[in-house]
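Me: I would like to go through this model with you term by term, setting each value against the definition behind it. Please show it first.

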Amino acid sequence: MAAAFRKAAKSRQREHRERSQPGFRKHLGLLEKKKDYKLRADDYRKKQEYLRALRKKALEKNPDEFYYKMTRVKLQDGVHVIKETKEEVTPEQLKLMRTQDVKYIEMKRVAEAKKIERLKSELHLLDFQGKQQNKHVFFFDTKKEVEQFDIATHLRTAPELVDRVFNRPTIETLQKEKVKGVTQQTRLKIAKERQKQYNCLTQRIDREKKLFVIAQKIQTRKDLLDKTQKVKVKKETVNSPAIYKFQSRRKR
């Protein structure tokens, strides 16, 4: 039963792939359907027409032909490559210069400068990896007092709390209340937060400098639209615009 079913399925598959043909010519091979032949023939004719057009174009080519684009094109491995002039700008600068205006760049730069000033005022430019450099001066009348000086005794506090710059209770207060202060875990958390703020400040300073350079380059390109005679003094770089010397004109 299963063998008969497989035989019937195989015969149906063969009938779907090929045209019916007399039994005496089956030894000649597959007889494709007409729609398959048409697709193959159309593809063949299309390729032949394309080759004929290329052959005609090669025969009619003028060896003395010239057009101005040839001055910017060179042949590499049989392929025409257009020479492009390189500009001393980064891709980010080029994209921003083509899409934005000087006023927009200046507005963004001023906004960045204000954020930088606010961050500086919050951080007070303290070094987060070290300790705050505080000074406490004590005055004595004799050298003997200086030699016998003990800071914990003088401040009337425990020796463990001498290094604190704030919340340094006296011994009398310690006898009445518990020590209140930040733990080591809290200090680490504060240090990480301050490190994050300083990284943000560094990034904003770099961004403000880049925006300033972009604004200068855009302004230089606008100045070049003037028809006044000018001489290039310095080439453009990534961090600075080109410098031109313009002919002086008397204002009327």
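Me: Which residues line the second largest pocket, and what makes a residue a lining residue?

Reply: Before the answer, note that this is a predicted model, in which local features need pLDDT of at least 70 and side-chain atom pairs count only at pLDDT 80 or more, while totals for chains, interfaces and linings use all residues. Residues are numbered from 1 along each chain as its sequence is written, and side-chain values use heavy atoms, with hydrogens and water left out. The lining consists of Lys61, Asn62, Pro63, Glu65, Tyr67, Lys69, Met70, Val73, His80 and Ile82. A pocket is an open set of points on a 1 Å grid over the protein atoms alone, where a 1.4 Å probe fits, with protein on both sides within 12 Å along at least five of seven lines, and a lining residue has an atom within 4 Å of a point.

Me: How many residues of each class are in that lining, and how much space lies in the pocket?

Reply: The lining has five nonpolar, two polar and three charged residues, where Ala, Val, Leu, Ile, Met, Phe, Trp, Tyr, Cys and Pro count as nonpolar, Asp, Glu, Lys and Arg as charged, and the others, Gly among them, as polar. The space in this second largest pocket is about 290 Å³, a volume being the space filled by probe spheres set on the points, which are joined across faces, edges and corners.

Me: Why is Val213 called buried, and why is Arg72 called partly exposed?

Reply: Buried means under 20% relative accessible area, exposed over 50% and partly exposed in between, with a 1.4 Å probe and protein chains only. Val213 has a relative accessible area of 11% and is therefore buried, whereas Arg72 has 42% and is therefore partly exposed. Val213 is found in helix α8, and its C-alpha atom lies 6.0 Å from that of Ser240, 27 residues apart in sequence. Arg72 is in the loop between α2 (34–59) and β1 (73–76), helices (H or I, at least four residues) and strands (E, at least two) being DSSP runs numbered from the N terminus.

Me: How do you know that the span of α4 agrees with its number of residues?

Reply: The expected span is 1.5 Å times one less than the number of residues, so the 22 residues of α4 (residues 102–123) should span 32 Å, and the end C-alpha atoms are 31 Å apart, which agrees.

Me: Which residues of α4 are buried, and why are they said to be on the same side?

Reply: The buried residues of α4 are Val102, Ile105, Arg109, Glu112, Ile116, Leu119 and Leu123. They cover an arc of only 110 degrees around the axis, which puts them on the same side of α4; the arc is that of the directions from the helix axis to the C-beta atoms. On the other side of α4, Lys103, Lys114 and Glu117 are exposed.

Me: What makes up the largest nonpolar core?

Reply: Its six residues are Val102, Ile105, Leu211, Ile214, Ala215 and Ile218. A nonpolar core is a set of buried Ala, Val, Leu, Ile, Met, Phe, Trp, Tyr and Cys residues joined through side-chain atoms within 4.5 Å. Helices α4 and α8 (184–223) each supply at least two residues of this core, and α8 gives the most, with four.
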